[in-house]
2 protein chains.
Amino acid sequence: MADAPKANAVVAQSGGPTAVINASLVGVIEEANKHSQIQNLYGSLHAVVGMANDEFIDLKKVSADTLEIVAASPCSALGSSRDKPDEDYCSRILEVFKKRNIRYFFYIGGNDSANTAHILNSMADEINFDIRAFHIPKTVDNDLLVTDHCPGFGTAAKFEACALMGDDLDNRTLPGVKIDVIMGRHAGFLTAATVLGKQRDDDGPHLLYFPERAVSMDKFLSDVEGVLKKLGRCVITASEGICDSDGVTWAKKLVEEAETDAHGNIQLSGTGALADYLAAQVKSKLGAKRVRADTFGYLQRSFAGLQSEVDVREARWCGRHAVQFAMEEDNGSVAIKRLGNGADYKVELFRTELKNVAEKTKSMPDEFINAEGNGVTDAFIEYAMPLTGGLPKTEFLGNRPKI
Amino acid sequence: MADAPKANAVVAQSGGPTAVINASLVGVIEEANKHSQIQNLYGSLHAVVGMANDEFIDLKKVSADTLEIVAASPCSALGSSRDKPDEDYCSRILEVFKKRNIRYFFYIGGNDSANTAHILNSMADEINFDIRAFHIPKTVDNDLLVTDHCPGFGTAAKFEACALMGDDLDNRTLPGVKIDVIMGRHAGFLTAATVLGKQRDDDGPHLLYFPERAVSMDKFLSDVEGVLKKLGRCVITASEGICDSDGVTWAKKLVEEAETDAHGNIQLSGTGALADYLAAQVKSKLGAKRVRADTFGYLQRSFAGLQSEVDVREARWCGRHAVQFAMEEDNGSVAIKRLGNGADYKVELFRTELKNVAEKTKSMPDEFINAEGNGVTDAFIEYAMPLTGGLPKTEFLGNRPKI
């Protein structure tokens, strides 16, 4: 391995926002400031778009005070993009890199971003232009391979837990059926996290549905009926990507139904449709009273002022380690290894190959889902709880003995 | 006025949850413990239901530590009810009161609760059974008369502000049109509160719509088009109760449209329908790309772990003052008077007649809404900001000069 070159660096943020993707950015900036090999540190505006169009800001000029506010702010302070660069697009980026003598590339994002870093690194190799390309993991969905968990998930998990702690108390206050649709098209980690705030045996959510386990409408309704009989109320969380027993997502079925009916201006693919549909089924098929549904939407990834301390700390470490790794290695993705759990929760960071993370996604392991497919196991709780950084306690008095 | 009787007291919580209705409950409990005139303090389960069915718990037995957790927990720790008691119902309640020698009644709720307290007080007078009935204000909607503001609003306002601070950064990250539908059928205070986190000139929300100002679809679309042309993105918040120019709510029109189309299993009155409809209009009529919609739902009133310090302190004071007032007066509703604003924000509490608060509701005053009817004035911000107890700061780097 050659010595780390004295050159310029670029950092960019890709994909959907999280609450701590800016903490990773600040980690890159503060570590880059420590290494004389990195001369200018450019922030690319809107991910690959800025890199292809030569649109950068100077990150060495941002004050330390401002950086602390950036680290505490949700979403991508540099902007993001959903562009998937093809070969031409990548060539344009490499032209810009050459022109500006950019030899370090730090990319904070999901599996697509790891792939982009991998492609850019390989293409640069082919033209004998050495760049060091590093991927820094972020997702709220927690669906990246190799790493124990993704920065961004811990805070989103805390959001889900706090949301359901409140929503379950709301449902105790005014009993009925409550259905919450949670982010996660292919992975159910965030829906699973809705259990983390449970403190009493009969706390909700009582039923959970994940993309990893198909559920028929009959099974869903019979589950709800069972809980209603036992508790007189029922709180349900379901991933937006849940499937019918034929493997087709409920969301897709709703769109097809709407299209069949040729309804021009009713968007069943809209954000509230799945929740409203499930609520309507419970109301009409079970005759349940007070059925309500919410779809949590973007609040889950971008609510301001809510961060898991553990998550934000680890996100920042990941940014710093990417720069440290780049002083020694040609490329890689930063990954988290768990060394201890519970009160002894502890992690270390390591480097993995970009190709190990690129394009692939992780689902919830079987050991995290209960046998019925409608809840989580203790193994999941043990896995996810430390990532929230701790949750508030709540009290409900209504189940105390009557006098 | 006769001396305060030595007798038992009941406290109950009514209507929809808020984040600080339990702080008011704890205020009642801690103050009641100081007055020897109050012997037992009963907590009625599920508001008037517990009072009519003789279902109470003993609030003197709750430890001080537990009370602090109760005060920090959202929703009604005693449960709630949507029952509107008629005369028979009230007679049953008074029978229970007589049987248990309950002569103090503290009712935490909205204008309906003030009315129930008023009716019970009057009916008790008629049968020469003296009770002291006090109403303690709570709503997230901030729609009660007399009081400067309602406990519960400050925290909900903080939620809206944090939500939109995040959502606007999300929209900067991945630009497009974002529509958020906010609680408030008749009063637009919560929608107005979505502006409170704005820190930069071009921060969203850029357009706000309230139940107090009708808006036609044409006007709405032309507003959105204007912002899109100027900023290339647009964040909108709208109350669930917004009306068309003919005064009919958009929500009602959507239901009627669905009924006309005889769509059995599509519930356009569902929670996501208005947001999805507005998004579909923007997409189809303006051809805008990346149009997204969220409906915030119950999170606004029950999210755990989020309280405005000012709100929770005032809610607790209101509970304590209700008991203090009951030592001197026959009945009343606790109200807040503002003595100073901004950095000098300060309030005092006073007693008003139950009939002044009962059944009536308050809308946003004209001085809080801009001339266009699609935004707020500085007067609103001055009014609402102190109630949030302070908001986090955020940073976005993407609008810095390019290099």
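# Exercises on a predicted two-chain model

In strand 8 of chain B, B:A238 is the bridge partner of B:V181. The model is a predicted one, and the exercises below start from this pair.

**Exercise 1.** Find which strand of chain B pairs with strand 8 over six bridges, and in which sense.

Solution. Strand 6 of chain B covers residues 177–182 and strand 8 covers residues 234–239, and B:V181 is bridged to B:A238. Step two: read the pairing. Strand 6 and strand 8 of chain B are joined by six bridges in the parallel sense.

**Exercise 2.** Give the strand order of the open sheet in chain B and state which strands stand at its edges.

Solution. Step one: the four strands follow the order 7-8-6-9, with parallel pairing. Step two: strand 7 (207–209) and strand 9 (291–295) of chain B each have a single partner strand, so one side of each has no neighbour in the sheet. These two are the edge strands. Step three: ignoring direction, neighbouring strands of the sheet are turned against each other by 15 degrees on average.

**Exercise 3.** Describe the open sheet of four strands in chain A.

Solution. Step one: its order is 7-8-6-9 and the pairing is parallel. Step two: strand 7 (207–209) and strand 9 (291–295) of chain A pair on one side only, as edge strands. Step three: six bridges connect strand 6 (residues 177–182) of chain A with strand 8 (residues 234–239); across this pair, A:D180 stands opposite A:T237. Step four: helix 10 (residues 273–286) of chain A packs on the sheet and touches strand 6, strand 8 and strand 9.

**Exercise 4.** Where in chain A is A:P205, and where in chain B is B:P205?

Solution. Step one: A:P205 is in the loop between helix 7 (189–192) and strand 7 of chain A, and B:P205 is in the loop between helix 7 (189–192) and strand 7 of chain B. Step two: the bond from A:G204 to A:P205 is cis, with omega near 5 degrees. The bond from B:G204 to B:P205 is also cis, with omega near 5 degrees. Step three: most peptide bonds are trans.

**Exercise 5.** Is A:N142 buried or exposed?

Solution. Step one: locate A:N142 in the loop between strand 5 (132–137) and helix 6 (153–173) of chain A. Step two: 28 other C-beta atoms lie within 10 Å of A:N142. Step three: the cut-off for a buried residue is 20 or more, so A:N142 is buried. Step four: phi of A:N142 is positive, near 65 degrees.

Conventions
Residues numbered from 1 in each chain as written. Chains lettered and ligands numbered in written order. Predicted model: local features only at pLDDT ≥ 70, side-chain atom pairs only at ≥ 80, totals over all residues. Pairing = 2+ DSSP bridges. Axes fitted to C-alpha atoms, helices over the stretch in contact; angles between N-to-C directions. Contact = placed C-beta atoms within 7 Å. Buried ≥ 20, exposed ≤ 12 C-beta atoms within 10 Å, placed from the backbone.
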